[in-house]
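This briefing reviews helix packing, nonpolar cores and selected residues in a single protein chain. Please read it alongside the sequence and the model shown below.

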Amino acid sequence: MIPLRDENPTSRTPLLTFLIIVACVAAYFGPQQGVSDQNQALEFNLEWAAIPCEINTGEPLSVPEIENTFARGDTEACVDDDGAVQSLFPDKSPYLGILTSMFLHGSLLHLLGNMWFLWIFGNNIEDRLGHLSFGAFYLLGGIFATTAHYLVQPDRTVPVVGASGAIAAIMGAYAVWYPNAPVRTLIFYFLRDISAKWFLGIWFVTQFFTGTDSGVAWMAHVGGFVFGAVVGIVLRE
């Protein structure tokens, strides 16, 4: 199912939603496209993305952990060495990576998909919360999503990139606040208007059928959605 638009008018211009989209697009076509090969792309993600093992140990991945992960296929090669082993990026802050990873994407399709969902559902959440509160909600949703992914796989040594966790938080709040808003959806070759509660509910359930081998941080999606739904319930009038 691909959402094309929602029938849910707003009363204010979604400035922050637009700025987040600009930031993500600029990051992808700027620093990320500045790398010339696959190895440099990997190094870029290792330097700037969130990595559960680093959050767990508080230290950047060591060279042996990187080699075991990407040369030998051990995606849980995490070892707490207290910084005794050389790191490729010794000055990296593992916790800052939680924030920077929200603006990075693994491919153009990844970027376009996330930004499309953000544009469709984000404007109404920003309209309801206001610009500054929406910004705080977005960042907290992304942090909560990454934390959920970390708690499930604390020893994982693969970088996590993408705004999908924060966007999932937006979708969770949308499901609570606008459950009956029609979402024009492309289903195979057919266009249908589906209530947001059904579209978002189906999306949420499908996350549990996405395995870790797919490369999708599905628990980040679940965690972000739950965070957004809880905030939506708490702030529901």
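**Helix packing and cores**

The cover over the buried residues of α1 includes α6 and α7 (131-152). The model is a predicted one, and its protein chain averages a pLDDT of 90, with 96% of the residues scoring at least 70.

**Confidence by element**

- Among the elements of the protein chain, the lowest mean pLDDT, 86, belongs to helix α2 (residues 38-48), and the highest, 96, to helix α8 (residues 164-177).

**Helix α1**

- Helix α1 spans residues 15-29, 15 residues in total, and reaches 21 Å from its first C-alpha to its last, close to the 21 Å expected at 1.5 Å a residue.
- The buried residues in α1 are Thr17, Ile20, Ile21, Cys24, Ala27 and Tyr28.
- These residues lie on the same side of α1 because they cover an arc of only 130° around the axis.
- In general, an α-helix has 3.6 residues a turn, so residues three or four places apart point the same way.

**Helix α7**

- Helix α7 has 22 residues, and the distance from its first C-alpha to its last is 32 Å, close to the 32 Å expected at 1.5 Å a residue.
- Buried in α7 are Phe134, Gly135, Phe137, Tyr138, Gly141, Gly142, Ala145, Thr146, Ala148, His149 and Tyr150.
- The elements against which these buried residues pack are α1, α3 (52-57), α5 (96-100), α6, α8 and α10.

**Nonpolar cores**

- The largest nonpolar core comprises 41 residues, and Phe121, Ile125 and Leu200 have the most contacts inside it.
- Two or more residues of this core are given by each of α1, α6, α7, α8, α9 (196-206) and α10 (218-235).
- Helix α8 supplies the largest share of this core, namely 11 residues.
- Beyond its neighbours within four places in sequence, phenylalanine 121 is in contact with Ile170, Met171, Tyr174, Val183, Phe199 and Leu200.
- There is also a second, separate core of seven residues, among them Ile51, Leu61, Ile66 and Cys78.

- Asparagine 114 is found in helix α6 (residues 108-129).
- With a relative accessible area of 9%, asparagine 114 counts as buried, because that value is under 20%.
- A polar contact of 3.1 Å joins the side chain of asparagine 114 to the side chain of histidine 105.
- When neighbours within four places in sequence are left aside, the contacts of asparagine 114 are His105, Gly162, Ala163, Ser164 and Ile167.
- Asparagine 45 lies in helix α2.
- Asparagine 45 has a relative accessible area of 18% and is therefore also buried, the cut-off being under 20%.
- Apart from neighbours within four places in sequence, asparagine 45 is in contact with Gln32, Lys92, Pro159 and Val161.

**An exposed loop residue**

- Phenylalanine 188 is found in the loop between β2 (182-187) and β3 (190-195).
- The phi of phenylalanine 188 is near 55°, a positive value in a residue other than glycine.
- Phenylalanine 188 is classed as exposed because its relative accessible area of 72% is over 50%.

Key: Residues are numbered from 1 along each chain as its sequence is written. This is a predicted model: local features need pLDDT of at least 70, side-chain atom pairs count only at pLDDT 80 or more; totals for chains, interfaces and linings use all residues. Side-chain values use heavy atoms; hydrogens and water are left out. Helices (H or I, at least four residues) and strands (E, at least two) are DSSP runs, numbered from the N terminus. Buried means under 20% relative accessible area, exposed over 50%, partly exposed in between (1.4 Å probe, protein chains only). A polar contact is a pair of N or O atoms within 3.5 Å; within protein, one must be able to donate a hydrogen and the other to accept it, and residues adjacent in sequence count only if both atoms are side-chain atoms. Contact means heavy atoms within 4.5 Å. pLDDT is the predictor's confidence in each residue, from 0 to 100. The expected span of a helix is 1.5 Å times one less than its number of residues. The arc is that of the directions from the helix axis to the C-beta atoms. A nonpolar core is a set of buried Ala, Val, Leu, Ile, Met, Phe, Trp, Tyr and Cys residues joined through side-chain atoms within 4.5 Å.
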